[in-house]
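Dear colleague,

Please find below the structure that I am handing over to you. My notes on it follow directly after.

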Amino acid sequence: MKDTAKDTGRDATGARAGAGRTEPLGVAVVGAGYWGPNLVRNFQSSPEFRLRWLCDLNVDRAREVLGGYSTVQATDDYAAVLADPEVEAVAVATPAGTHLDVALAALRAGKHVLVEKPLAATYEDGLRLVNEAEERGLTLMCDHTYCYTPAVARIRDMVRSGELGDIQFVDSVRINLGLVQKDIDVLWDLAPHDLSVLDFILPDNVHPVAVAAHGADPIGAGQSCVAYLTLQLNTGAIAHVHVNWLSPVKVRTTMVGGSKRTLVWDDLNPTQRVAVFDRGVDLTAPQEIGADERRDMLVSYRTGDMVAPALGEKEALRSMVEEFAASIRTGRPPLTDGRAGLQVLDILEAASRSLEFKGAVVGLRTGR
């Protein structure tokens, strides 16, 4: 395809589309199904954007989402959306199998792109999107919504500031009596939330290197309904994810254990979502004790206070939309960029291979 100023995401002067501007950015949402209406609502309420189009194969559904008094145009003609010079960004909320074609067309039309998770159906497809965006100087962002909750933002700050110390383990549980999917297993359905949060909070020098997964299909659904995923980190620590469609109770907890403190995030507890415990295990180095004491236990237990930090209240999608705008305007990568989406896809594909080989450890690509 010929690289015009539009195709490369830059205007006639060579400036990056949207950079340095203060007026609202024109945006289109593609997909009016489950997630699209949430994006429509947040783009419409954001002063950073002006929603111009809602595109869906079912135009009546798109019109219903917009309501009778909306000035936003509803259409099933994606080409018309991409041809609109006032559209600077496209948000993709279509099925994962269509993400490559829909997002790639937008990037080639010079539009910044936000993609609902997962980034693509496969790692290779996701890599094509990342490379296309980087070559054209465009923002490619993944809507990893949980990363923009006040709780996870605070957890990221505490982990990366060293407040918890060196990370020793991460343990996540996401279980409920959920909708059994026909085309994907429970890992691909639920684990992306936990994996995106893990990638978001870990320091830049800490990352997964291998994965082992175990799953079961006790109801004969045709794919795993219960699964356990264990990630080996490059530091020697591990992260564990438990996902389950068959649990009679709903649990969403994450524990981050550090050498100084341990953090517990309970997403279903509105009065105390995050608790930080000054409790743990300390190990005395042999050289620090005398010969007579070496026969005694080197392990001591620390039992300190628990602190529940105050968290602000803000809708995660609102923060995500603001981050998308900031990335477009400044040219910096968004906090959950295309490579964050690739990391999740890498782990999911490795986990699927591990399931095929009954829990064998599968190495990850070089990653981020």
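The paragraphs below move from the whole chain to its sheet, its helices and one hairpin.

This is a predicted model, in which local features need pLDDT of at least 70 and side-chain atom pairs count only at pLDDT 80 or more, while totals for chains, interfaces and linings use all residues. Residues are numbered from 1 along each chain as its sequence is written, and side-chain values use heavy atoms, with hydrogens and water left out.

The chain comprises nine helices and 15 strands; helices (H or I, at least four residues) and strands (E, at least two) are DSSP runs, numbered from the N terminus. Of its 368 residues, 50% are buried, where buried means under 20% relative accessible area, exposed over 50%, and partly exposed in between, with a 1.4 Å probe and protein chains only. Among contacts (heavy atoms within 4.5 Å) with a separation of 6 or more, 67% are between residues 24 or more positions apart.

An open sheet is built from six strands in the order 3-2-1-4-5-6, with parallel pairing; two strands pair if DSSP finds at least two bridges between them. Strand 3 (73-75) and strand 6 (140-143) stand at the edges with a single partner strand each, so one side of each has no neighbour in the sheet. Within the sheet, strand 4 (residues 89-92) and strand 5 (residues 112-116) are joined in parallel by four bridges, and Ala91 stands opposite Leu114 in strand 5.

Two helices lie across strands of this sheet. Helix 1 runs at about 165° to strand 1 (25-30), and helix 4 (residues 99-108) runs at about 165° to strand 5. Such angles run from 0 to 180 degrees between N-to-C directions, and axes are lines fitted to C-alpha atoms, for helices over the stretch in contact.

Helix 1 (residues 36-45) also packs with helix 8 (residues 316-330), at an angle of about 65° and with the axes 10 Å apart. Residues that meet here include Phe43 in helix 1 and Phe324 in helix 8.

Finally, strand 11 (residues 246-258) and strand 12 (residues 262-266) run antiparallel and are joined by five bridges. A hairpin of three residues links strand 11 to strand 12, and Gly257 has Thr262 in strand 12 as its bridge partner. Strand 11 also holds Lys250, which is partly exposed, with a relative accessible area of 46%. Beyond its neighbours within four places in sequence, Lys250 contacts Ile175, Asn176 and Leu268.

Yours sincerely
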